[in-house]
Amino acid sequence: MDSSRTTPLKEQTEKAGAYCARCPVREACADYVIANDFRDGIWGGLTVDERDRLAREQTDLA
């Protein structure tokens, strides 16, 4: 994956999400970073905002 500072963030995010989509541990990865409140990067195919939204939904269901 290109991590060049000249590549627009949206493009980098989309590439990371596509890479994560093929990963067999994607859900476990997302669960781990949500539980540990990682605030940077794409993990489990999710951005920080997407992880925050998912964490709120999980809390609301509990």
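This is a predicted model: local features need pLDDT of at least 70, side-chain atom pairs count only at pLDDT 80 or more; totals for chains, interfaces and linings use all residues.
Trainee: How many aromatic pairs does the structure hold?

Mentor: A pair of aromatic rings is described by the distance of the centres and the angle of the planes. Rings of Phe, Tyr and Trp (its six-membered ring) pair if their centres lie within 6.5 Å; planes under 30 degrees apart are stacked, over 60 edge-to-face, and the rest tilted. The structure holds 2 such pairs. Tyr32 and Phe38 have ring centres 5.7 Å apart and planes at 75°, so this pair is edge-to-face. Phe38 and Trp43 are also edge-to-face, because their centres are 5.1 Å apart and their planes lie at 85°. Tyr32, Phe38 and Trp43 form one aromatic cluster.

Trainee: Is Phe38 buried, partly exposed or exposed?

Mentor: Buried means under 20% relative accessible area, exposed over 50%, and partly exposed in between (1.4 Å probe, protein chains only). Phe38, at 26%, is partly exposed, and Trp43, at 33%, is partly exposed.

Trainee: Which residues line the largest pocket?

Mentor: On a 1 Å grid over the protein atoms alone, a pocket is an open set of points where a 1.4 Å probe fits, with protein on both sides within 12 Å along at least five of seven lines; lining residues have an atom within 4 Å of a point. Here the lining includes Tyr19, Cys23, Ile42 and Trp43.

Notes: Residues are numbered from 1 along each chain as its sequence is written. Side-chain values use heavy atoms; hydrogens and water are left out.
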